Amino acid sequence: MYRELTREEKTLLNRFFDKWGVFDHFKDKHFLVKENHSREVFLVNEEVKRLALEHQPALAGMKMGELKKQFWFSIEGASLLAKHSNCRKIMVDEHAEALVLYGRDVFGDSIIGHTNDYDENQVVLITNTHGEVIGIGRARLHAEKIKRTGVTVTNIADRGVYLREEDSSSY
């Protein structure tokens, strides 16, 4: 069932956007919460918002992520966020891109570019050479040390999950 965000949920979402430097971009956007077993947040336009609240369709808008103790973005939400944010990104080479899409972690020597604004254990966006988000990871090291030998970013979520689910369901 779709509903509007509560004041506390709006505050949580605004803090998240502020942390990623995209508050100004998202401050006037419309969001709805869909509650099932979790609280999913969807980005909608004004007309879709009105229709979703009135008719309660199965899906409406773009899923940005889920509200838990904190807001946790989806891959689609991360992709949209990355278009408007220059925060916490690492860019990997083509070989690492394929590995990330199979759920593998990122080795430091496969990182060909990164921002310098994250610390150990902070969430980062993993992008390919075209700047497209292919995954969400957790940095094992501070930005200054991210290119060291060995695994330096743990894969938390990646776009390959859709392909892996499709492969496993076809057998």
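In what follows, Ala, Val, Leu, Ile, Met, Phe, Trp, Tyr, Cys and Pro count as nonpolar, Asp, Glu, Lys and Arg as charged, and the others, Gly among them, as polar. The structure is a predicted model, in which local features need pLDDT of at least 70 and side-chain atom pairs count only at pLDDT 80 or more, while totals for chains, interfaces and linings use all residues. Residues are numbered from 1 along each chain as its sequence is written, and side-chain values use heavy atoms, with hydrogens and water left out.

The pockets come first. Rolling a probe the size of a water molecule over the atoms shows where empty space is left. On a 1 Å grid over the protein atoms alone, a pocket is an open set of points where a 1.4 Å probe fits, with protein on both sides within 12 Å along at least five of seven lines, and lining residues have an atom within 4 Å of a point. Grid points are joined across faces, edges and corners, and a volume is the space filled by probe spheres set on the points. Helices (H or I, at least four residues) and strands (E, at least two) are DSSP runs, numbered from the N terminus.

The second largest pocket has a volume of about 160 Å³. Its lining has five nonpolar, two polar and five charged residues, and helix 1 gives the most to it, with four residues. Strand 2 (30-35), like helix 1, supplies at least two residues of this lining.

The largest pocket has a volume of about 230 Å³. Seven nonpolar, two polar and three charged residues make up its lining. Helix 1 again gives the most, with four residues, and both helix 1 (7-19) and strand 5 (71-73) supply at least two. Among the lining residues are Trp 72 and Arg 88.

Trp 72 is found in strand 5. Trp 72 is partly exposed, with a relative accessible area of 30%; buried means under 20%, exposed over 50%, and partly exposed in between (1.4 Å probe, protein chains only). Leaving aside neighbours within four places in sequence, the contacts of Trp 72 include Met 64, Val 123 and Ile 156, where contact means heavy atoms within 4.5 Å.

Arg 88 is found in the loop between helix 4 (75-84) and strand 6 (89-92). Arg 88 counts as buried because its relative accessibility is 7%. Arg 88 has no salt bridge, and the nearest side chain of opposite charge, Asp 117, is 5.5 Å away. A salt bridge is a side-chain nitrogen of Lys or Arg within 4 Å of a carboxyl oxygen of Asp or Glu; Lys and Arg count as positive and Asp and Glu as negative, while His and the chain ends are not counted. Beyond its neighbours within four places in sequence, Arg 88 is in contact with residues including Lys 19, Trp 20 and Gln 122. Phi of Arg 88 is near 40°, a positive value in a residue other than glycine.

Gln 56 also has a positive phi, of about 50°, although it is not a glycine. Gln 56 lies in the loop between helix 3 (46-55) and strand 4 (62-67) and is partly exposed, with a relative accessible area of 29%.

Helix 4 is mostly covered, with seven of its ten residues buried, including Ile 75, Leu 80 and Leu 81. Ala 139, in strand 10 (residues 133-139), is likewise buried, with a relative accessible area of 1%.
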